[in-house]
Amino acid sequence: MTQQSTTATVPTWVKLAVAVLLVLSLWALFSARSATSTANDNQQRLQVPEIQLSLVPGAPERFPDAFEEAVGDAGAEELDVDALNWVTVLVRNVGGADAEDVILEGRMLGADSVEAIGETSSFQDFEVAVEEGALQMTLNDVDAGETGRVFLGFPNDALPEEVVANWAANYQLAIDRVIAREEDGDEPMVTLFGAAM
């Protein structure tokens, strides 16, 4: 009598199917962990302020209501608005938290003679000083999701004639850079480069 093996052989396709299921299970597990980690990172990013800056020429004609309000709040009603060349710095907080005590440092032509007026409805307090040839502007409480304006007026004698002659096209030539940072932080939150000569 011939003895047959009592152990049944597992077909190859079953072994292959088990291996594929094991690989798919591991893939699903690692994908889920990665998604959780990404979600946690995104949630943390949303809970910090993120400042964006942009420059636009003009102020009184571009933002008449906001400009008038800012001038009135600054007590600068006697300011000869038409004698200055205006640039508006838009300060946006696109992050998920309010930014407190943001410092804007503006390196620009004639920084010591530039009139700076902040929109107090956006920044509850606005202070200006000139330090080491740079315009230092302190903005308090830049709320999440808000856009505030800082109006900069450049006198003609602080700028080259060719810049003044076509201000709308050349306004960026008056500004080297504007840096936004938190008052207690050393690292800039954002740097906006102009094209100063």
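Q: Where is Leu-24 found?
A: In this predicted model, Leu-24 sits in helix H1, which covers residues 12-46.

Q: Is Leu-24 buried, exposed or partly exposed, and why?
A: Leu-24 counts as partly exposed because its relative accessibility is 47%, and that class lies between under 20% for buried and over 50% for exposed.

Q: Which residues form a nonpolar patch with Leu-24 on the surface?
A: The patch is formed by Leu-24 together with Leu-16, Val-20, Leu-21 and Trp-27, and together these residues have about 560 Å² of accessible area.

Q: Switching to the inside, how many residues does the largest nonpolar core have?
A: The largest nonpolar core has 31 residues, and those with the most contacts inside it are Leu-53, Val-91, Leu-104, Leu-139, Val-150, Leu-152 and Phe-154. Two or more residues come from each of strand S1 (51-57), S2, strand S3 (102-108), S6, strand S7 (147-155) and strand S8 (175-182).

Q: And what is Val-91 in contact with?
A: Leaving aside neighbours within four places in sequence, Val-91 is in contact with several residues, including Leu-53, Leu-104, Phe-123, Leu-139 and Val-150.

Q: Which residues does the second core include?
A: That second core is separate and has 14 residues, among them Ala-76, Leu-79, Leu-84 and Phe-151.

Q: What about Asn-93, is that one buried or exposed?
A: Asn-93, which is found in strand S2 (residues 84-93), is buried, with a relative accessible area of 1%.

Q: What does the side chain of Asn-93 reach?
A: The side chain of Asn-93 reaches the backbone oxygen of Val-142 at 2.9 Å. Not counting residues up to four places away in sequence, Asn-93 also touches Pro-49, Asp-98 and Gly-145, among others.

Q: Which side chain does Gln-136 make a polar contact with?
A: The side chain of Gln-136 is joined to that of Glu-105 by a polar contact of 3.3 Å. Gln-136 has its place in strand S6 (residues 134-140) and counts as buried, at 13% relative accessibility. Beyond its neighbours within four places in sequence, Gln-136 is in contact with residues including Leu-104, Val-128 and Arg-181.

Q: Last one, where is Gly-194?
A: Gly-194 is found in the segment after strand S9 (190-193), and with a relative accessible area of 24% Gly-194 is partly exposed.

Q: How far is Gly-194 from Asp-176, C-alpha to C-alpha?
A: Those C-alpha atoms are separated by 4.8 Å, although Gly-194 and Asp-176 are 18 residues apart along the chain. Not counting residues up to four places away in sequence, Gly-194 touches Gln-172, Ile-175, Asp-176 and Arg-177.

Key:
Residues are numbered from 1 along each chain as its sequence is written. This is a predicted model: local features need pLDDT of at least 70, side-chain atom pairs count only at pLDDT 80 or more; totals for chains, interfaces and linings use all residues. Side-chain values use heavy atoms; hydrogens and water are left out. Patches are made of residues with over 30% relative accessible area and no salt bridge: like charges are joined within 9 Å, nonpolar side chains (Val, Leu, Ile, Met, Phe, Trp, Tyr) within 5 Å. Accessible areas come from the Shrake-Rupley method with a 1.4 Å probe; for residues, only the protein chains shown count as cover. A salt bridge is a side-chain nitrogen of Lys or Arg within 4 Å of a carboxyl oxygen of Asp or Glu. Helices (H or I, at least four residues) and strands (E, at least two) are DSSP runs, numbered from the N terminus. Buried means under 20% relative accessible area, exposed over 50%, partly exposed in between (1.4 Å probe, protein chains only). A polar contact is a pair of N or O atoms within 3.5 Å; within protein, one must be able to donate a hydrogen and the other to accept it, and residues adjacent in sequence count only if both atoms are side-chain atoms. Contact means heavy atoms within 4.5 Å. A nonpolar core is a set of buried Ala, Val, Leu, Ile, Met, Phe, Trp, Tyr and Cys residues joined through side-chain atoms within 4.5 Å.
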